[in-house]
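Visitor: I'm new to looking at protein structures. Could you walk me through how to read this one?

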Amino acid sequence: MQRPDLVVGHRITVPERFIVDLAGLPEPRVNPVIRHPSGHPWFEPDLAIPEFRVSIQYEGEELHSTPVSVRKDVRRSEITEQLGWLEVRITADHMGDQGRRGIQRIQCVLVQQGWRPENPTAHS
């Protein structure tokens, strides 16, 4: 059964949310509004770990392969960077083997942003 908090933007189910929880990483927020320092809404990632300024985007082929969506994704990445966040882009290829590659990518970016695991996970 699908958990309601796993359904995010569009029609995408974000399986990494559950895997991130299991891996002992900081709990991500689903579709939070990230604001510009002026207070205006700026972008809304699939998942975010705000205390470390990490956004996680699940790039499904159906919704992220058109020329318009590619331009939108590039612009979102630019905005993310301008605001001092790092973006982790995850695809279905990262989700095999219980999400090992996705977890490693998220862990690496979290460490770059100052996070230290209390107990390194089996996914490391």
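Visitor: In what order do the elements of the chain run from the N terminus on?

Guide: Keep in mind that this is a predicted model. Starting at the N terminus, the order is β-β-α-β-β-β-β-β-α-α-β-α. That comes to 4 helices and 8 strands.

Visitor: And how much of the chain counts as buried?

Guide: Here, 43% of the 124 residues do. As for what ends up inside, nonpolar side chains in soluble globular proteins tend to be buried together.

Visitor: Which residues have the most contacts inside the largest nonpolar core?

Guide: That core has 16 residues, and the ones with the most contacts inside it are Leu-25, Val-54, Ile-56, Val-88, Ile-90, Ile-106 and Leu-110. The elements giving it two or more residues are β6 (47-49), β7 (54-58), β8 (86-90) and α4 (96-112). With 4 residues, α4 gives the most. Apart from this core lies another one of 6 residues, including Phe-43 and Trp-85.

Visitor: What does Leu-110 touch, leaving out residues up to four places away in sequence?

Guide: Leu-110 touches Leu-25, Pro-26, Ile-49, Phe-52, Val-54 and Trp-115.

Terms used: Residues are numbered from 1 along each chain as its sequence is written. This is a predicted model: local features need pLDDT of at least 70, side-chain atom pairs count only at pLDDT 80 or more; totals for chains, interfaces and linings use all residues. Side-chain values use heavy atoms; hydrogens and water are left out. A nonpolar core is a set of buried Ala, Val, Leu, Ile, Met, Phe, Trp, Tyr and Cys residues joined through side-chain atoms within 4.5 Å. Buried means under 20% relative accessible area, exposed over 50%, partly exposed in between (1.4 Å probe, protein chains only). Contact means heavy atoms within 4.5 Å.
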